[in-house]
Amino acid sequence: MLSLIYLLIIVIAIVGLIKFRVNIALVLFAGAVLSGILFKIGFIGFFLTLLKSIISTDTLSLVATVILIMYLGALLEKRGDLARMLESLRALILDSRLSLVIPSSIMGLLPMPGGALMSAPMLKEGAKDFNLTAASKTYLNFWFRHIWEYFWPLYPGLILAASITQVPIFVIARFQFPLTLAAILAGLIFGLRRLPFKVTTQVLNKRFALKKLLLSTWHISIIIILVLAFKLNVLYVMVAISFFVTILTRIKKDAWIGVIKQAFTYKTIFLLFSVMFFKAVLINSGAIDSLTSILKPEGISLWFLLFIAPFLVGFLTGVNHAYVGVAFPILLPFFVQNGINLSYIMFAYASGFAGILLSPVHLCLVLTKEYFKADFNPIYRLLIPPVVFVWLISLLMFFLYRLS
């Protein structure tokens with residue numbers, strides 16, 4: 001029970017610092033320090049964890065991947081590809097609001113760390129037609145980037161869930177597909193409905209617009225195909241595509257310098273290292289593992305157990321396969337009680353993902369926030385209602401299937 005109290009103290013401290021608009025990288029570093037103190041990782045253990053997290057292959061690959069994403073996004077903006085893509089979308093789609101978020105949705109099919117940065121420049125370009133705040137742009141890009149993760153079978157969390165439960169992944173995906181529909185509906189209700197309806201005034205021929213769309217997105221299409229269809233490493237793909245697009249691009253020296261400065265920002269790099277360090281401290285200190293001994297089924301209602309275990313891990317780590325890996329083994333006896341119970345799996349997955357979407361450690365959220373220079377307070381005011389909406393749909397499905 002003491003470990004649970006410590007975890008709640010860490011959550012409260014993080015939320016409190018965010019409330020006072022402390023830089024998120026510093027917040028996470030402070031969270032790592034607090035975690036080390038509470039869980040007695042020790043002075044030497046703390047600095048060994050810091051060193052290992054900085055030089056680990058996972059951290060360095062993540063930093064390199066995100067920098068390349070930011071570089072390619074800035075380069076495509078300078079080349080005019082993003083403007084041409086949006087012009088084509090507006091010619092093919094009458095509602096400007098939909099053309100605003102479709103790029104984010106498309107990039108959501110690509111499982112990659114910080115992938116929201118790929119669509120952020122596109123949404124920024126499309127948002128010029130609307131009077132949007134930085135928080136609104138952050139919310140729209142972040143939300144529509146993550147509408148597929150409840151069922152898209154290429155996401156690590158779903159793959160791990162299928163492996164732990166021994167349920168075919170397409171069975172889980174098919175059962176959880178209504179949650180994606182709920183997420184789309186939530187995005188329309190709490191996001192696009194607030195924007196004024198605007199019919200695009202593009203005069204491009206539909207066939208020409210389609211051709212222009214393909215020519216302005218070939219690089220993004222290649223990334224998606226290589227990563228999804230051929231399952232190549234995202235970092236290697238980003239290196240190759242970024243290099244190839246660089247060779248094909250002819251812009252002035254000052255423009256190149258601007259692209260490079262936009263990609264190599266010390267705040268973003270510090271943020272990435274802080275995220276990985278915070279997670280490493282939580283894991284090495286035993287904070288996450290302690291949940292397995294804390295959360296017992298005796299004396300606690302089933303639905304609350306299915307909610308709190310994945311939600312807490314999801315909120316603390318910001319990684320969907322982390323909450324699946326920690327919480328699902330704890331909950332496995334309930335999942336397979338009297339045969340496989342897909343509603344239990346679905347509700348636990350949705351609860352953990354609610355924690356992911358609200359987590360200040362979630363890379364897509366913090367990187368998009370930094371890109372649009374938004375504050376967390378207005379972001380959360382926009383984000384909490386749709387997250388609660390989708391979670392309530394999952395709770396409703398949970399109880400309906402229990403009654404059936």
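Reader: What makes F151 count as buried or exposed?

Author: A word first: this is a predicted model. F151 has a relative accessible area of 16%. Buried means under 20%. F151 is therefore buried.

Reader: Which ring pairs with F151?

Author: The ring of W148. The centres of W148 and F151 lie 6.4 Å apart, and their planes make an angle of 65°.

Reader: Why is that pair called edge-to-face?

Author: Two cut-offs decide. Ring centres must lie within 6.5 Å, and W148 and F151 have 6.4 Å, so they pair.

Reader: Is W148 buried or exposed?

Author: Buried. W148 has 18% relative accessibility, and the limit is under 20%.

Reader: What makes Y371 and F372 an edge-to-face pair?

Author: The same test. Y371 and F372 are 5.0 Å apart, centre to centre, with 90° between the planes. The distance is within 6.5 Å and the angle is over 60 degrees, so the pair is edge-to-face. Both Y371 and F372 are buried.

Reader: How many aromatic pairs are there in the whole structure?

Author: A search finds 25. There is also an aromatic cluster, which includes W303, F304, Y344 and W391.

Reader: Now charges. How do you know that R84 and D81 form a salt bridge?

Author: Look at the distance. The N to O distance between their side chains is 2.4 Å. A salt bridge needs a side-chain nitrogen of Lys or Arg within 4 Å of a carboxyl oxygen of Asp or Glu. So R84 and D81 qualify.

Reader: Where do R84 and D81 lie?

Author: Both are in helix α5, residues 81-92. They are 3 residues apart, about one turn of the helix. R79 joins D81 and R84 in a network of salt bridges.

Reader: What makes K128 and E125 a salt bridge?

Author: Their N to O distance is 3.4 Å. That is within 4 Å, so the label holds. K128 is exposed, because its 59% is over 50%. E125 is buried, because its 18% is under 20%.

Reader: How do you know that K369 is paired with E370?

Author: The closest N and O atoms of K369 and E370 are 3.1 Å apart. The limit is within 4 Å, so this is a salt bridge. K369 has 11% relative accessibility, under 20%, so K369 is buried. The structure holds 4 salt bridges.

Reader: What stands out about the phi of K40?

Author: Phi of K40 is near 50°, a positive value in a residue other than glycine. K40 sits in the loop between α2 and α3. K40 is exposed, because 68% is over 50%.

Reader: What is the phi of Q166, and where is Q166 found?

Author: Phi is about 60°, and Q166 is not a glycine. Q166 is in the loop between α9 and α10. With 65% relative accessibility, over 50%, Q166 is therefore exposed.

Reader: Is T249, in its loop, buried or exposed?

Author: T249 lies in the loop between α12 and α13. T249 has 8% relative accessibility, under 20%, so T249 is buried. T249 touches L75, R79 and W256, leaving out residues up to four places away in sequence.

Reader: Last one. Why can F270 belong to a surface patch?

Author: A patch residue needs over 30% relative accessible area and no salt bridge. F270 has 35%, so F270 passes the area test and counts as partly exposed. F270 is found in helix α14. The nonpolar patch covers about 640 Å², with F20, V22 and L26 among its other members. Helix α2 gives the largest share, 4 residues.

Definitions and conventions: Residues numbered from 1 in each chain as written. Predicted model: local features only at pLDDT ≥ 70, side-chain atom pairs only at ≥ 80, totals over all residues. Heavy atoms only, no water. Patch = residues over 30% accessible without salt bridge, like charges linked within 9 Å, V, L, I, M, F, W, Y side chains within 5 Å. Areas by Shrake-Rupley, 256 points an atom, 1.4 Å probe, with all protein chains shown as cover. Helix = DSSP H or I, 4+ residues; strand = E, 2+ residues; numbered from the N terminus. Buried < 20%, exposed > 50% of the residue type's maximum accessible area, 1.4 Å probe, protein only. Phe/Tyr/Trp six-rings, centres within 6.5 Å; stacked < 30°, edge-to-face > 60°. Contact = heavy atoms within 4.5 Å.
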